[in-house]
Each structure stands twice: as C-alpha cells, then as structure tokens.
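Here is my note on the structure, point by point. Keep the 3D view open as you read.

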2 protein chains.
Amino acid sequence: MTTTGRVTLPIEVGIDDEVKTLMQRLGADAVRNSDGTELPDLVHELAAKVYSTYFPARGDQEWAVANPETTTHLYLMSPRTAAMEETLEIDIMEGYLREQIQPDVEVDRELFWQVIDRTTGETLPTTDWEILDADGKVRIKRAQTGHVYTVNFLARQIWDGTQMYNYITNNWDEDPKRHKERPYNVRQEKVWNRVRSELGNWLNEHSEVDVVRFTTFFYHFTLVFNSDRKEKFVDWFGYTASVSPEAINAFKEEYGYHITPEDFVDEGYYNCSFRVPSKAFRDWVNFQHRFVTSRVRELTDAVHAAGKEAMMFLGDNWIGTEPYGPHFKDTGLDAVVGSVGNAATCRMISDIPHVKYTEGRFLPYFFPDVFNENGDPVGEANVSWMAARRAIVRKPLDRIGYGGYLSLAIKFPEFVDRIEAICQEFRDIYQAAEGKTPVNSPVRVAVMNAWGSLRTWQTHMVAHALAYEQTQPYVGVLESLAGLPFDVKFISFEDALAGALDNFDVVINVGEAGTAFSGGRYWADPALQATVRQFVARGGGLIGVGEPAGLSYGGAFNQLSDIFGVDREQSWSLSTDKYPHLVAEHFITASESGCGCSCGAKVGDAAGPGAGNVRGQLKVDVTGGARYWVPVVTDVDILQMNGVSVELSARNFGAGRSVYFAGLPFSQQNARLLQKAIYWAAGKEETYKESIHAASPAVDVAVYDNGSVFVYNSSLEAVTTQVFNLNGETVEVELDALGSIWFNK
Amino acid sequence: MTTTGRVTLPIEVGIDDEVKTLMQRLGADAVRNSDGTELPDLVHELAAKVYSTYFPARGDQEWAVANPETTTHLYLMSPRTAAMEETLEIDIMEGYLREQIQPDVEVDRELFWQVIDRTTGETLPTTDWEILDADGKVRIKRAQTGHVYTVNFLARQIWDGTQMYNYITNNWDEDPKRHKERPYNVRQEKVWNRVRSELGNWLNEHSEVDVVRFTTFFYHFTLVFNSDRKEKFVDWFGYTASVSPEAINAFKEEYGYHITPEDFVDEGYYNCSFRVPSKAFRDWVNFQHRFVTSRVRELTDAVHAAGKEAMMFLGDNWIGTEPYGPHFKDTGLDAVVGSVGNAATCRMISDIPHVKYTEGRFLPYFFPDVFNENGDPVGEANVSWMAARRAIVRKPLDRIGYGGYLSLAIKFPEFVDRIEAICQEFRDIYQAAEGKTPVNSPVRVAVMNAWGSLRTWQTHMVAHALAYEQTQPYVGVLESLAGLPFDVKFISFEDALAGALDNFDVVINVGEAGTAFSGGRYWADPALQATVRQFVARGGGLIGVGEPAGLSYGGAFNQLSDIFGVDREQSWSLSTDKYPHLVAEHFITASESGCGCSCGAKVGDAAGPGAGNVRGQLKVDVTGGARYWVPVVTDVDILQMNGVSVELSARNFGAGRSVYFAGLPFSQQNARLLQKAIYWAAGKEETYKESIHAASPAVDVAVYDNGSVFVYNSSLEAVTTQVFNLNGETVEVELDALGSIWFNK
C-alpha cells in the first residue's frame, strides 16, 4: 500500500512540475534548499514543510570582513625540527595554508605560544626564543644540538573550513560572486549581539520557512589545509578551532587553571578521539559544551518565538553541541538531521535523545560526482539503503531525505524509481513497527572505552563514516552492533568503576592498544582490572577485539590475559612454546547455512574447498586486525588461527566467559559471529537457538511486540534460507537482493 | 685439482672399510665420535686427528646420583593466577615437569623466592604467604581480590636439558642402560675437585685422542619441559639455569647487592635476548662469564698438559663461555666447533676470535629423520651449502665436518657424491683465498643494538637458527650481511655514546620496538638521539628495519622520525593526511637484471605483469615486518608501499642519508636491496657501480687481493647474468644451480 510522508526532498528554482511529480512519487512532506540552490516561489503553494539552511557563525560576511578581530582561533604545531647548532629557526607556517591560517603574534606568547624540546619534553622559557616576524618565524636562541623542537602557536582562522572546502573543490576562484568566508567567534559579546539580531531579522523576513536548519552553530570541527590547498588535518571531533584568548581566560576563571597550548596541540595529535583524553581536554569539552548549548538555546528560543522549528545539521560547525553530552537536552532543538554513511552513523542520529524527531540524509548526494554517465547512482542508493536499513530497523529514524540538485537526479529515471521504492519501504517499516523498536535479545551489551556515552555510536569514527584501513577491524564492531538485536550502551571506564557493569551481561572492549577505545593507561588502574575480573568471575561475558586491555607491564600486554587466555607476543616470549588448542566445532563458529567461506558449500555438503575450511564453520575475517596474539594458557579454545596469530578464541573464567577477536571488519558474516559470540559470552546459547533467526548470516530478522516479524536480506545477492522458530516451525524463504518479507509470529 | 684436509668425519664401529674409503673421498683429516657412537679401534691406524666428546658437567652420573645436593638450580615463575578472594593458593609446579624440576623449599624464601602482585608490581612480604609443601604449593594469605599473582621460585634441575631432550625424543624409557642424567654445579668446591680429577684420569686413559671436544662446560642454556614432556621454554642464550644459592651469594659479595629472583624471572620473560637487558642481568652475565671462562681455563690447561687440543662445541652447556665476551680469550681453547644452520650462524662461528681454528658442523646431521626413504639428504646438503658458502666466502671457517651415523649416510650414494664435491669446493675456496678474506666494500657497517659486540652475529637468533615467524623480517638482515662484502661490526648504544659511530659509514638499527635489538628505553636518552642525529647530519648513513628507534613519546613513535621521515601510525594521527611521494626510480631499487618480481621480465622488456610492477625495479619482500609506518614529512621518497604502509623509503638528512625497510626476511633479492641501500646511505653509489658485481641478485661475487674473483650462484636455479667491471669489461656468465666460476681480475 502506498503511503506518504516522512521524506524531505531538495528542490530548486525552474523545475516546478518535476518538483510536484517527484514530491508525489516519493511521498515527500517536506522540502529544503541545499548549498548552492534557492527555494523556488513554489514553496508557498506546496502542502509541505519548508526547511531553510541558516549559518549563524559565517552567514554575515560583510560584517565579518568589517570586523576582522572577530575571527575564530585555533592552535597549531610547527613541523618537528632538529637543532644541529645552538641557534634554530623554525618556519612555523611551513606546510600551512596562509589563506586559512594567520599566526596571532599579538597575544601574550607566555600564555598562548609554547616552544617544546620534544626530545626531553621540556618547555623552553620565553627568554630562550623569539618571534621574528608576523609570519611567525621563531628563533630558538639556546637549542641543544641534536634535539627536536616544535612551536605551538595560536593562529587566527580566517577561512571557514566547510566553505574553504566547497570553494576550493568547486574552484570558486573563477567566480567573482564568491568570497572566502571568515568565521566569527560568538564568545565575543559584540559578535553574539550581532548574531542574535541577525537571526531575529531573518526570522521576520522568512515567513515561508517552517524549519530553520542550522548548518550549524559556532565552531567548526578541526579542518586544516596545507600550502597546496589540500587537506592537511581533519578531525570531525576536534575542538582545536574552538579556542580563543577569551575562551581560555574564561576557562581559567571557571576551572582555576590556565589551559596551555600543549593541552590542545597534544604532541601533535591534537586530542583526536583515538587519544586517551587528558583531564584538561575533558574539562575543555565540558566547558565548551556548556557554553555552546546555552547559546544554542538562545537561538532556538528565538526560532520558537517566531513559530518555527529548530533543526541542527550534525556536522560542520557542530563542535560543542555533543548530542550525547549532558547539556544537549538544554539546546531546545526540535530535530537533528545528519548524513547516513552506514549503519553506525545512522544509529548515531536515530538514537539522539531529547529531540522530537531525527532525520537521515541518505546517499548519494545529488552532485555531479555520482550523477554522471560513468556514475552508478542506483548502485550507491542500494548500498546506502542496505546499510541504513539494518540500523533503521533496530532504531528508526523518524524521517529520511536527500540533498543536492534535484535537477540532476531527475535525469536518472531508474534512480528515481529506486528511491521511490526506498521511501515506501522506509514508511512501511516505520508503520509496521508502530513507532516502536523491535524486541531485543535479553543480553544487555556495553561497549566500554574512555569516551563512554559521550561518543555513543561514534567510537572509531574518523571524519564521519570515512574508511581508514586501520580502523576497519574495529569500527566493524560498531557497524555490526548497529544492526543487531541487542540493547547496546556505551560506558566509560569511570562508569565501570562506579558499578555500571552490574547492568550488563556482556562487555566489549575493542580497539588498538594505546587508544581511547582500547583504554591505554586506564588499564594501569588495579581497581579497573579488579572490577572487570569480578564481573567475569561472577558470570559476566567479556569480548575483546584487536588489542583489548592492551598496556604492556608486569609481564603482560593484555592486562586481562588471565581472563582471555591470549596475549600479544611482544617478541619477549618467543622462547615460550605455544600449543594452541584448536577446536573444530564451537557454538560461535557453528554455521547453520554452510561453511562460511565463498565456496558455496551448505551444511551437509562434503567439506568445502580451500585449506583450513571446516565444513559448517563460519570464518571470521580479521583483515588488518591485531597480529601476533598467542595463547598464554593451556585451556583457551582457539577457534581460528593464522600462522602463529590467534584470530578467534574463547575461554571460561570463573562463572563467566571471554571471547577474543583479532579484528572484525564489517560483513554480514562477521556480524553474525559477533552476535553468536555475545550470546555465548553471556552463557545464553539456548536463547539464541530458540530465537527467530535465519540460517544465512546475510538475512536479518526483527521481531516486534505486536507479532510482526520482518525478514530482510542485507546483501546484494538473492538468498534462499531457512528461518527458524517462526510459530515453532522452520520456514524456507527466498529473498531477492535486498528483498524482505513480513510474517506474523 | 683434488686436495685433502680441513674435513672431519664422524665414524663408528663396524664399517672400517667404508670409513677408509669415505675418508679418502672426502679428503678427511680428522675423525670423531658422536652422541651414541664409539670410536673404532681403527683410529689408531688412521693418519688423522681423533676428536672425542667430553661432558664435564654431566659425564659422571654414578657420582652425581650419589651426591644429589650437587645439582644445578634454576629460577622459574608460577602461572599468573587471579585472586578472587583474600586467600589464594597457587600450584607453582602447574605445567612443569617433575622429572626435571624440583622446587627448592630448603632455601631461605626471603632471599630465593618471591611472590609478586603483578597488577600493582609489588612484592609481598613473606609474612603474607607460606609454602605449603615440598611440591611448592603456595598460599597467599592477604591477597587483593581481582589482582594477579605469581610466585618466583628457586628449583633444582634434576635432569640435564640436552640429555632430557635426547632421552625423551628417542624414548629411552624402554632402554634399561639409559638413565636420566643429573647436571652438577661446579660452583661447589666438592664438584669442581671431582671434575678436575675425572678429566685428569680420562686424559691419561685416552692416548688415542688428539682433540678433546667439550660438549660443553658447566651450565646448560635454559630448557624447560612441560608436564606433557614437551618443550615449555627454550632460550639458547638463557642464564636462568646458571643460578644457585652459592653463586648468588658470591655475586653479592662481589657486586654489593643481592640479585633477586625477579632479576631472573623478569616478569616471566626470563631475560630472553629480545628483552632490553637490565643492569642486574648484565652484571650476572659478566659475573658468570668470568667464572666460567676461568674454570674452563683450568680444564684446557690440563688438556694441553696432556699434549692434546681443547675444542668447544658451541651449544648445550655453553652458558658463560660467550665467545665474543671480554674473557673468552682467557679460556685457552684451541678451537670452537658449531652447527651451521645458515650464513649468520656460520659467521657466528667463523668470526670467533682468540682460537686457532673454527669448524662448522654441516647439515644434514646423519640421523634417521633425514636419512630415510622419504628424506632428501642431497637437497638438504645443497640448501645448507648454499647458505654456508655465502658466509664462508666472506670469512672462512677453517674446517668443516659432519655429525651422526656414518653407517646411515653411506646408504645414500648420491649424498656421498654431493658432500665429496662440497668438501672439495670448500678447500678450493680456502686455498684460492690463501687464508684471507676477500676485499670488502669501503663502506664500514655497524649493527647497533643493546647487546653490541657480545652477541656478534647472534642478534634476533632464537634457539640457534630456528625460524620464528616474527623474527624472519629482522634476522634476514643478519643473514644478508653474513654474505655481503662489508666489514660488519656489532656495537652497543653505549659504544655509540662513547663515540663509536666515528668508525662507521652506515649504522643499522633493526628490530621490533621494545626489543633489545631496536633498543626500547634506550631511545629515551636525549644523548643517544643527539649522537645519531649528528652522525647522520655530518654525512653518515642510517638504515632502519622494522621499528627502528621505536619508543612512543613526545609526539613520535620512531624517535628518529625527523631523520627517516616515516613513523608508525599509532592511530593517533589518522586524521593527519599523508601524501606519499612515490618515486618510480631510485638507485636502491634499480635492477640491473629485471623487474625483481617473479614475472621473468628483463631490463629492456616491456613492463612485467602484475599491478604495481615497475619495469627494472627490485621489490623488497617485507612479509611479517612492521605495519602502518607512514610518511610524516613531505620530502621522504617512498620506494615501495602497500596500502597505507610504507615498505621502503629513503631520505636525505643534513649531509647524510637514511633508508627505512618495513622488514627484510632473507632472500637474495632482499640481500641485494640491503647491499644497495648501504651504498646509497653512505653516498657511495658510484663505488657500487664501479665494483665487480653481477646483474642478477642471485649471483654473488668475491674479489681477492691476489686478483682472484669468485663468482657464485647462491640459488638453486641456473642463472645467466652479466658480471660488470671484470678488467673493465662486462662478461656474461652461465652458472648452474649453486654453480661457480673463478676469474682473474
């Protein structure tokens, strides 16, 4: 049955008929403009909500140019430079883009600059160095030969990150109407007064707008370009560009200490979210989160007073909004919209609390990079929908939408057909679920890391859903969980120490040693170790992926190696013999549909081809994961090994259990392995066996309180498989690529 | 021309005619017995030297059994055990073999036992724990819940390691004539008196023996079996079994401090040679080295007084002899014989100073594991000779020989043919070289690590030439150098700090971070960093393999990343963009014979097949080497990359140069790459180009002072290649597998 609603369409001037047709076909009940398009007059006629973008911290360029002292700042570090004699000159701007960055040589360098001997870790007294010119060239007068030095410096950011990206990417140098937009800092009272009054004026002038789509607020995530106008550093979670002398002074007043350049520069790692966060950085995040959310509230109050809704785009200048932070509830926002890159980013949006609704902007964006004769917009829409649907089923977005140039998309009729069907399927799922989430497994799962709930669904993300070779084995855990039927919470080590583990059946620690996600120095805390040991000993499940509890000391790298029974071989134990106890069959790897490799063998077939294949066993793909983890006890079951490296193992510890994966890049098969590992770690294999589920890992199942059962093929190939325990029976289903079917329990 | 000499043959009773024939065919001028064979009466007639094995520390079992208090000791650690309540009992013998190990519960546990909380690192006061029984079960009375504990304990070693291995391997339980042999400790005056008098008697009784082949002296390398009678821990360099209350007390008297159980147990890593050695362990090695060599001297004096030669087998009970140690010169040994596993082990033997001659025992050993109908003794002899010849050419052994049962080998006539030819080729090389080493490149090379010269040619070795997956990428450097025309020295970081770098053109730092070979905590020393930086800045060459200078702090993992221009991505800089500057052509990778892959393409061919092949480029195989090393500066030349990981890079720094390899498992191609990298790092490309060398990496060339040039195929395939600069000309040579040819310059 065709329904309407819950869909936002980007529209533009000059294609009114097409807009009307498309709105009808997609069932769109809202329209929006995009970067580079204007809303047509048609919006006054449409029976649809109208969104309009709004840029509170860079929309007012004439004023910004007239008030150059209002720019935002950021902290940067010079190149690491070795001194080969007593005097060393460092060109701090080497590699940076002068169009974006301007060293702030006016500020007190004692407070806002810092020269560090990186070989010894010492900060040089200001008497030992001087700033030579406005370009920020620095001369160190008393350097030690053979030591490496860096300069931390405060700089003005004279070009907004997103606008810089758009400008350079689209080559707007050629366009006389385009200017480089300067961001201004709402921490300055003069700026803040201007921002409020401008929004007031704009609200008065835009009666056709129902929803103010803030893009976004005040501080851009860290985005620094190099002298070739290419990206040099990007951190979607970065607070580096939220600094300013005003903010730092206010911080001192509130927290009682001066936050130093090095607290931000962080040895050149800039507190990226992979770093175990320092106390100073956490303080800063809290400080700015409170400030930003309180100022957002003043704007949303104004929007509401004008009878409109306030929506935030989750990106660009979103720093300080922290949707899972303690003060987000105070923003007064009605909605959040974000780009859906995969299942995890979808959950990041759909799980956001304290808003009336969430909206996912689906891919592909209607831009020429995909919508050209060599592009594959239908294919991209399918891949995007496949990933997003896994998340949406578990926790629905309230709305979906697209972005970009509609005039471009309508030249691809097959694409329009495809998204018409996707919009309808989205509504069908939403309706069948009656606004509720499906029934989760009784196994309660915690992902434990240094960030905890603040970075819910954001762990291991880099610049949104971008893929990095090193993060694949770990972000795959998140991507798997985003579509699995578990109640998943993100907890911090502090939460665990405060007793949070009591609320969970299984705890997952995933990541590379030394990162915030694995935990790094946290594992030196005997209390944390004792807490986790007691949790497992009393019956809890512990799952480690990559280098869990990784911190080399006291005879172990994995500080919970006595639980896992495996540890990383640091080449200090090469002389200790390992006798891996390989088990041919285990609940975790037992396949219900075949051997798990690509050979196509089914359960009951003779052994599949390929060395090491065990018939009827799922194989975990750990590509890029941890290497050289080895058994360190005799009673750990090794489920999969590669050379000397353990790839999957399982072990009992007290009344509990542990499972180790070397890595878990996302695939349906790996998601199934994680699902079964969670059940096994919780000691609930029978519950899994009795649950409604499909034999094929490609096929997911969601069971609703109202008796509906949604069976969907999360792969791009047709699948015939069995669904178990449907009204006590096993039912064979045939599903096309991405196909789905509804049952009643 | 057929010559004779320089060859030792193992002989036995009952095959006199065959012995005579074989001696003649091989040109053998010495005979020996082996483990399990007796010298025949024939030896009195033979015009050959006679070797006889002698076991000073376990040859006298009747006495050993009668004096059980004389056994040697060793230090061990119990399993890591978590306390889940206040009382914790640890079965310290869990996993150990009671036939070999007996906890010594008679000693003062305050001095010789230690219970450690591994979670906090604290040693428990002896009031907090007790030994429950003679099996060494320990009860901790005041444990902290959730902490992990271990017991370090002194134990008696009641079974000699090598004899245990032979006994178990050959199933001597069935043989009533065989007993488990107990090692006795010459530190006890009673034992020492007995050992000296027994040797005296033996020398008197064995007039037929010319050479006493000590197998070996007093302390076995660490070899511990598990309760299943399988190897549990083996460290060919291990001093753990050289301890005893007597020695520890003597140490205290000399060094002024008590050396603790933990100084040996070392968190369970037992000071394996991969550990950055502690001061206490170094002191112990020096202490025992002095003791062992001084007692060896008393035995060799006795041998010499009897008119015989003293030879040491480099293995078994060799601990404390340290052939490259400062006191080895005092042993009075005439010769050392060792097993030649590869080129590096061959150099380890042939480079030993202060002896009249060295002898290599070649493989295969005449044992049934190879000499059976499924074995390939000829193939093994070829592989062994291929590796050994590379080393022998650079630094000749004075003699070679075989071991095992001659009666077995003569059943394989093709094998006898082959070793006859090998013996002759060995003599030919020795003779042509006139006892000298060939001319080395003028580039002087140092391998720099924590062990320095003490472990010359022994770095990254594990249990002699055994192969470990993790060591291949690093031990390959040693194996390459062992056959390359460079003057190679091994220096310690202390040597470098004392100015040793002045004597070298190129310094190599190779290994995994945290190991003695890479250097671990040494790199926290600013003086070391400054020393290396100044060396390179002034024109030196620096080559890093794996994780050189790896010690994460101050914004770098590779503490010399400013020199190398590459560093390990610890996932803290994922947000920093990398723009690898891939260079298509470079001296290091430029091939003179083809593209370096297995495609068979030659220089001048069109590009070879396979993605990423650059015609005429050598490819380095880094299998198992370091991952996720990335460029951190813009001006580093990347010669080879795999995904995001740099596999080979080169960079200028000041007047010097650096080269980084992710790994370098041994192959002829990798050896050639290292050779060229050394020349390049030294700034001596022209010297390489002008040198006599072959185009094919498979073919090695040695040039002698006397004008002889030896060209030899170090591969098992026939090669046709060009040899450059032979009397100013390029000569094409055709060589069979392992073939060789002599020229005159």
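1. Start with one charged pair. Glu262(A) and Arg118(A) form a salt bridge, and their closest N and O atoms are 2.8 Å apart. This is a predicted model, so treat the distance as a computed one. In general, side chains of opposite charge can pair when their charged atoms come close.

2. Where do the two partners sit in the chain? Glu262(A) belongs to helix 7 (residues 261-265) of chain A. Arg118(A) lies in the loop between strand 8 (114-117) and strand 9 (122-123) of chain A. The partners are 144 residues apart, and the pair links distant parts of the chain.

3. Now count such pairs. Over all chains, a search of the whole structure finds 81 salt bridges. How many salt bridges cross the interface of chain B and chain A? The rule finds zero there.

4. The interface has other links. Between chain B and chain A, 30 residue pairs are in polar contact, with both residues at pLDDT 80 or more. On the side of chain B that touches chain A, helix 15 gives the most, with six residues. By class, that side of chain B has 22 nonpolar, 23 polar and 16 charged residues.

5. Next, the extent of the interface. The size of an interface is often given as the accessible area lost when the parts come together. Chain B and chain A bury about 5,600 Å² between them. Carbon and sulfur atoms give 49% of that area. Which three residues of chain B supply more of its buried area than any other three? They are Gln470(B), Trp572(B) and Leu574(B), with 14% of the area that chain B buries against chain A.

6. In chain B, 61 residues are in contact with 61 residues of chain A.

7. The whole structure holds two cavities of 30 Å³ or more. The largest cavity has about 40 Å³ of space. Residues from both chains line the largest cavity: Ser575(A) is one of them, and Asp235(B), Phe237(B) and Cys272(B) are also among them. The lining divides into six nonpolar, two polar and one charged.

8. The second largest cavity has a volume of about 30 Å³. Its lining includes Met448(B), Asn509(B), Trp523(B) and Phe564(B). How many charged residues are in the lining of the second largest cavity? There are no charged residues, but eight nonpolar and one polar.

9. Check the backbone too. The peptide bond from Leu363(A) to Pro364(A) is cis, with omega near 0 degrees. Pro364(A) lies in the loop between strand 18 (357-361) and helix 10 (377-394) of chain A. In chain B, a cis peptide bond joins Leu363(B) and Pro364(B), with omega about 0 degrees. Pro364(B) is in the loop between strand 18 (357-361) and helix 10 (377-394) of chain B.

10. Finish with two phi angles. Asn727(B) is not a glycine, yet its phi is positive, about 50 degrees. Asn727(B) sits in the loop between strand 35 (719-726) and strand 36 (729-735) of chain B. Leu738(B), also a residue other than glycine, has a positive phi near 60 degrees. Find Leu738(B) in the loop between strand 36 and strand 37 (740-744) of chain B.

How values were computed:
Residues are numbered from 1 along each chain as its sequence is written. Chains are lettered from A and ligands numbered from 1 in the order in which they are written. This is a predicted model: local features need pLDDT of at least 70, side-chain atom pairs count only at pLDDT 80 or more; totals for chains, interfaces and linings use all residues. Side-chain values use heavy atoms; hydrogens and water are left out. Contact means heavy atoms within 4.5 Å. Buried area is the accessible area (1.4 Å probe) that two parts lose on being put together, summed over both. A salt bridge is a side-chain nitrogen of Lys or Arg within 4 Å of a carboxyl oxygen of Asp or Glu. A polar contact is a pair of N or O atoms within 3.5 Å; within protein, one must be able to donate a hydrogen and the other to accept it, and residues adjacent in sequence count only if both atoms are side-chain atoms. Helices (H or I, at least four residues) and strands (E, at least two) are DSSP runs, numbered from the N terminus. Ala, Val, Leu, Ile, Met, Phe, Trp, Tyr, Cys and Pro count as nonpolar, Asp, Glu, Lys and Arg as charged, and the others, Gly among them, as polar. On a 1 Å grid over the protein atoms alone, a cavity is a set of points where a 1.4 Å probe fits but cannot get out, and a pocket is an open set with protein on both sides within 12 Å along at least five of seven lines; lining residues have an atom within 4 Å of a point. Grid points are joined across faces, edges and corners, and a volume is the space filled by probe spheres set on the points.
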